[in-house]
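Please read them with the coordinates open.

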Amino acid sequence: MNIAELDAIDFHVHVEQDAHGHFALDRELLDASARYFKADQDRTPTVEAIAAHYRERRTAAVVFTVDATTALGHPALSSEEIADAAAAHADVLIPFGSVDPHDAGAVRRIRSLVRDHGVRGFKFHPSLQAFEPDDRAHYPLYEAIAEAGVPALFHTGQTGIGAGLPGGRGIKLRYSDPMLLDDVAADFPELTVVLAHPSVPWQDAAISMATHKANVHIDLSGWSPKYFPPQLVRAVGGLLRHKVLFGSDYPVLTPDRWRADFDALDVKPEVRPLVLKENAVRLLGLGGPR
Ligand SMILES: [Zn+2]
């Protein structure tokens with residue numbers, strides 16, 4: 001990856017379909033999420049499609065799926081396959097892995113994803129994967145990720161998945177309260193923790209954690225910057241300028257839309273490159289040897 005040639009790094013992009021035509025979510029959840037986000041673009045991009053979309057924009061993308069096999073009873077896309085496919089587009093794609101926290105082999109899999117497949121971080125979605133992230137039973141996962149020296153990215157706040165369905169299809173928002181990750185960040189000071197999204201309805205908690213803990217960061221994906229609450233806009237331009245990351249949550253939000261709305265925010269010009277690229281370069285260890 002030639003960092004100097006990139007305009008930006010999108011820290012949050014979902015692979016929704018694999019090379020065999022399998023989808024990350026079942027049909028009911030896909031349709032409910034489409035209604036919630038009113039997405040009109042391709043809702044189930046493959047690794048290939050994502051690489052082409054981002055290459056046109058001189059932007060790199062952190063790509064991943066979410067392995068919620070146990071919670072959803074739906075087979076996950078393979079993080080090994082995603083990472084191997086991303087390797088063919090190493091100029092623009094940065095693969096993260098995902099493991100099912102309920103899988104007894106998850107720790108072993110984390111190690112092999114990093115060692116054998118070049119994965120550079122891990123994505124968790126506590127609500128979709130139905131686990132309490134501060135449960136000590138999951139600490140071995142964080143230990144392995146910290147040992148590998150790569151970031152752990154956690155969905156936080158409201159989710160569009162299951163939205164509008166009875167009981168939200170059993171998906172519990174509580175698991176995505178960012179404050180559940182305060183224990184994790186405290187107990188693993190060497191682990192880089194990224195709280196994904198404006199953490200609706202827990203925005204102030206996320207800002208407090210990122211302010212208090214050197215190893216906690218925020219990715220700004222999933223919501224158009226037009227709808228960022230004022231305290232988040234202030235934090236982006238001020239205290240947290242070195243700790244916030246551009247992310248779109250493609251395919252539900254396009255990087256074009258996110259960036260156009262970010263341009264309209266009251267954020268100083270010198271802060272913009274930090275958010276769009278430089279903070280991610282540092283967190284991902286792309287600037288030089290880790
Ligand atoms: Zn996500």
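1. Arg58 sits in the loop that runs from helix 2 (47-55) to strand 2 (59-64). Helices here are DSSP runs of H or I with at least four residues, strands are runs of E with at least two, and both are numbered from the N terminus. Arg58 is not a glycine, yet its phi is positive, at about 50 degrees. Its relative accessible area is 44%, so Arg58 counts as partly exposed. The classes are buried (under 20% relative accessible area), exposed (over 50%) and partly exposed in between, with a 1.4 Å probe and protein chains only.

2. **Basis.** This is a predicted model; local features need pLDDT of at least 70, side-chain atom pairs count only at pLDDT 80 or more, and totals for chains, interfaces and linings use all residues. Residues are numbered from 1 along each chain as its sequence is written, and side-chain values use heavy atoms, with hydrogens and water left out.

3. Most residues other than glycine have a negative phi, and most peptide bonds are trans. His197 has a positive phi near 80 degrees. It lies in the loop between strand 6 and helix 9. His197 is buried, at a relative accessible area of 4%. That loop also holds Pro201, between strand 6 (193-196) and helix 9 (203-212). The Val200 to Pro201 peptide bond is cis, with omega about 0 degrees. A cis bond also links Tyr250 and Pro251, with omega about 10 degrees. Pro251 belongs to the loop between strand 8 (244-245) and helix 11 (255-263).

4. **Zinc site.** Which atoms coordinate the zinc ion? They are NE2 of His12, NE2 of His14 and NZ of Lys123, at 2.0 to 2.1 Å. Donors are N, O and S atoms within 2.8 Å of the metal (3.2 Å for Na, K and Ca); water is not among the atoms, so sites may look incomplete. The sequence spacing of the donor residues is H-x1-H-x108-K. Both His12 and His14 are buried.

5. **Overall fold.** The protein has twelve helices and eight strands. Its radius of gyration is 17 Å, close to the 19 Å of the globule rule for 290 residues, so the protein is as compact as a globular protein of that length. The radius is taken over C-alpha atoms, and the rule is 2.2 Å times the number of residues to the power 0.38. The C-alpha trace spans about 45 × 45 × 40 Å along its principal axes. Of the 290 residues, 59% are buried.

6. **Helix 7.** Which residues of helix 7 (139-148) are buried? Tyr139, Leu141, Tyr142, Ala144, Ile145 and Ala146 are. Their cover includes helix 5 (106-117), strand 4 (122-124), strand 5 (152-155) and helix 8 (180-187).

7. **Leu181.** This residue is in helix 8. Leu181 is buried, with a relative accessible area of 1%. Setting aside neighbours within four places in sequence, Leu181 is in contact with Pro133, Phe154, Thr156, Leu195 and Met209. Contact means heavy atoms within 4.5 Å. Between Leu181 and His138 there are 43 residues of sequence separation and 12 Å in space, C-alpha to C-alpha.

8. Among contacts between residues at least 6 apart in sequence, 79% join residues at least 24 apart.
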